[in-house]
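Hi,

Here is the structure I said I would pass on.

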Amino acid sequence: MPKPVIIALDDDLSVLNSVERDLRSHYGQGYRIVPLNEGRAALEYLKKLEQRNETVALFLVDQRMPDMTGTEFLAEAIQTYPQAKRVLLTAYADSQAAIDSINEVGLNYYLMKPWHPPEERLYPVLDELLDDWKAHVRLPYEGIRVAGTLWSLTSHEVKDFLTRHQIPYQWLDIEKDPAVRALVENVSADLKLPVIFFPDGSTLTQPDLAVLADKVGLQTRAGLPFYDVIVIGSGPAGLAASVYAGSEGYKCLVIEKAAPGGQAGSSPKIENYLGFPAGISGDDLTRRAVSQAKRFGVEILSAQEAKSIEVKDAYRIVRLNDGTEISSHAVLMATGASFHTLKMPGADSLTGAGIYYGAAYTEAMNYKDQHVFVVGGANSAAQGALYLTRFASHVTVLVRGHEPTASKYLVDALNANEKIEMLLNTDLLEVKGTHTLEQLVIKNTRTGEVQTCDAAAMFVFIGVRPQSQVVAGLVRCSDRGYIYTGPDVMVDRKPPPGWTLERDPFLLETSVPGIFAAGDVRYGTNHRVASAVGEGAIAYALIKEYLKML
Ligand SMILES: Cc1cc2nc3c(=O)[nH]c(=O)nc-3n(C[C@H](O)[C@H](O)[C@H](O)COP(=O)(O)OP(=O)(O)OC[C@H]3O[C@@H](n4cnc5c(N)ncnc54)[C@H](O)[C@@H]3O)c2cc1C
């Protein structure tokens, strides 16, 4: 596959040479740098690139050129390459033109000339734009292909895993294409699904997720035997704590049983997180947070579940699913919460085969022009329903109460969307289907009316339960499993039995010294991204205090 192209366009040859040199030294390995000095000629050149099926990642364009302005060039260029990122190079006098083109051509950034030193003024901006481009671009397909069926839970799990790690893949449905079925049968005669085809010609059949993680180059083994702090869970709380720990030079390991981002990572659009007035998708926020953490030297293990924690003097030893043990001085429980699963007959066997828990993001596109259901009335359900309307013909939202509990802006959006129908006071009684979900039986609790509806899929977003099993029996938790911290662990205003230190537990410390909790798993939290991030940051500050006292 040819390298994606970065176009640098400037009529001033000395400036162009200088831009080209800076771009080539930093991006030459991954991109083909094409310097051009005339707008019209550049547009002709784009046509040739298009014919050769080459991709443009970025336009870096001078605003003031004799034959056309940079904005005029971009307006035409993005007709051919709408996904390419757009940056204008401007002189101070042109800054208003640049501001105007934010709207006219969706300008991503404008840089003032001169841009030296590029390490400070050019590369950070372009790095971020190119990362974003890479995360969203659709290249001519040469990557990983996953072949399976819509009714296979293991296919769903693999797709979800790759999606949540933002690893691009092509989905091949063996029921829709006999050629795909034949391809799969060559590798897996008994049709064990999914079969994953890699660009190097190798395949994996129904792999364990840790094996898949290894194969796609994710870290699954800790690099060190000992860390200052181990964070369990890489949702917003865990990632925030790790960014602060890493940035202050502490050796920090994050252990994640699935994929980074946690619940927030599955949100199609987070609209109430400070600093993102137009909203930000969970995967975008996660990608930014993960690269930030890694930049500070944090190790993040994927597809590794923490099973238990043992306390040995000043050490906290975390045991993983595969038996590996990793030691640290402090542990942060940032394991969040997960949705309740349906307990009714048939629901288990249809999970991943039409019934999905919170996975609107991964599966929505498979239900194009079909009628799907969402169960739940809180923010996550509302977001899921709105996202599903991009693909489904009709989305019915089943709400148990007499009104949804989602935030007002989301309820307004649900009401305004013609594809969405909300059924209030409605209980789900039964799910029906042989290989895949076919029907739901629902009851209006006001009128007692029971009806059976055809359903292509159902996305469940009900209740949340804390994922605190790792410390069950070790630290004090509420009846529902939320971990008590700080004042909540005190008994009659005294530290809990077994507490060995002179001081009281820190605000986010559990009933065991050196084990902290933050985010949705913590008793008293309010289940918001910002709260989780804030608690992660505070937990780190308290862990730092704890480490100083050792
Ligand atoms: C679909 C959806 C939309 C949402 N939208 C919004 C919104 O718009 N605004 C808002 O403020 N909030 C929103 N929320 C809520 C918000 O996402 C959560 O409050 C937040 O993610 C909690 O962060 P956390 O880090 O505490 O836990 P989580 O995000 O739950 O992350 C916990 C992580 O720990 C991992 N883990 C658990 N147990 C283990 C173990 N034993 N070993 C290793 N790893 C483990 C999990 O796999 C998970 O990745 C939404 C939630 C959902 C589900």
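Which residues are linked in a network of salt bridges? They are Lys85, Glu128, Asp132, Asp284, Arg287 and Arg288. By salt bridge I mean a side-chain nitrogen of Lys or Arg within 4 Å of a carboxyl oxygen of Asp or Glu.

Before the rest, some housekeeping. This is a predicted model, so bear in mind that local features need pLDDT of at least 70 and side-chain atom pairs count only at pLDDT 80 or more, while totals for chains, interfaces and linings use all residues. Numbering starts from 1 along each chain as its sequence is written, and side-chain values use heavy atoms, with hydrogens and water left out.

**Salt bridges**

The count comes to 26 salt bridges.

Glu185 and Arg181 meet through their side chains at 3.9 Å, N to O. The two sit 4 residues apart in helix H8 (residues 178–187), so about one helical turn separates them. For element names, helices (H or I, at least four residues) and strands (E, at least two) are DSSP runs, numbered from the N terminus. Glu185 is partly exposed at 37% relative accessible area, and Arg181 is partly exposed too, at 30%. The cut-offs there: buried is under 20% relative accessible area, exposed is over 50%, and partly exposed is in between (1.4 Å probe, protein chains only).

Glu325 and Arg319 form a salt bridge at 2.4 Å, N to O. Glu325 comes out partly exposed at 43% relative accessibility, and Arg319 is partly exposed at 29%.

Then there is Arg400 with Asp427, where the closest N and O atoms are 2.8 Å apart. This pair links distant parts of the chain, 27 residues apart: Arg400 is in the loop between strand E19 (394–398) and helix H15 (408–416), and Asp427 is in strand E21 (residues 426–432). Arg400 is exposed, at 65% relative accessibility, whereas Asp427 is buried, at 18%.

**Strands**

E21 also belongs to an open sheet of 3 strands, in the order E21-E22-E23 with antiparallel pairing. Two strands pair if DSSP finds at least two bridges between them. E21 and strand E23 (450–454) are the edge strands, each pairing on one side only. From one strand to the next the twist averages 25 degrees, using axes that are lines fitted to C-alpha atoms (for helices over the stretch in contact), with angles from 0 to 180 degrees between N-to-C directions. E21 and strand E22 (residues 439–444) run antiparallel and are joined by 6 bridges; Leu428 has Ile442 in E22 as its bridge partner.

Elsewhere, strand E6 (residues 144–148) has 4 of its 5 residues buried, so the rest of the structure largely encloses it. E6 pairs with strand E7 (residues 169–173) in the parallel sense over 5 bridges, and Ala147 has Leu172 in E7 as its bridge partner.

**The ligand**

There are 35 residues around the ligand, and Glu256, Gln263, Asn272, Gln383 and Asp520 come nearest. A residue is near a molecule or strand if one of its heavy atoms lies within 4 Å of it.

As for atoms, a polar side-chain atom of Gln263 lies 2.7 Å from an oxygen atom of the ligand, and one of Asn272 lies 2.8 Å from a ligand nitrogen atom. Arg528 uses its backbone instead: an N or O atom there lies 3.2 Å from a ligand oxygen. The protein covers 96% of the 1,000 Å² of accessible area that the ligand has on its own; accessible areas come from the Shrake-Rupley method with a 1.4 Å probe, and for residues only the protein chains shown count as cover.

The elements giving two or more residues to the shell around the ligand are helix H10 (236–247), helix H11 (262–265), strand E16 (337–339), helix H14 (379–388) and helix H16 (529–549). H11 gives the largest share, 3 residues.

**Two single residues**

Phe226 is in strand E10 (residues 226–232) and is partly exposed at 27% relative accessible area. Its C-alpha atom is separated by 8.4 Å from that of His329, 103 residues apart along the chain.

Thr71 lies in helix H3 (residues 70–80) and counts as buried, at 7% relative accessibility. A polar contact of 2.9 Å joins its side chain to that of Gln63. A polar contact is a pair of N or O atoms within 3.5 Å; within protein, one must be able to donate a hydrogen and the other to accept it, and residues adjacent in sequence count only if both atoms are side-chain atoms.

Cheers
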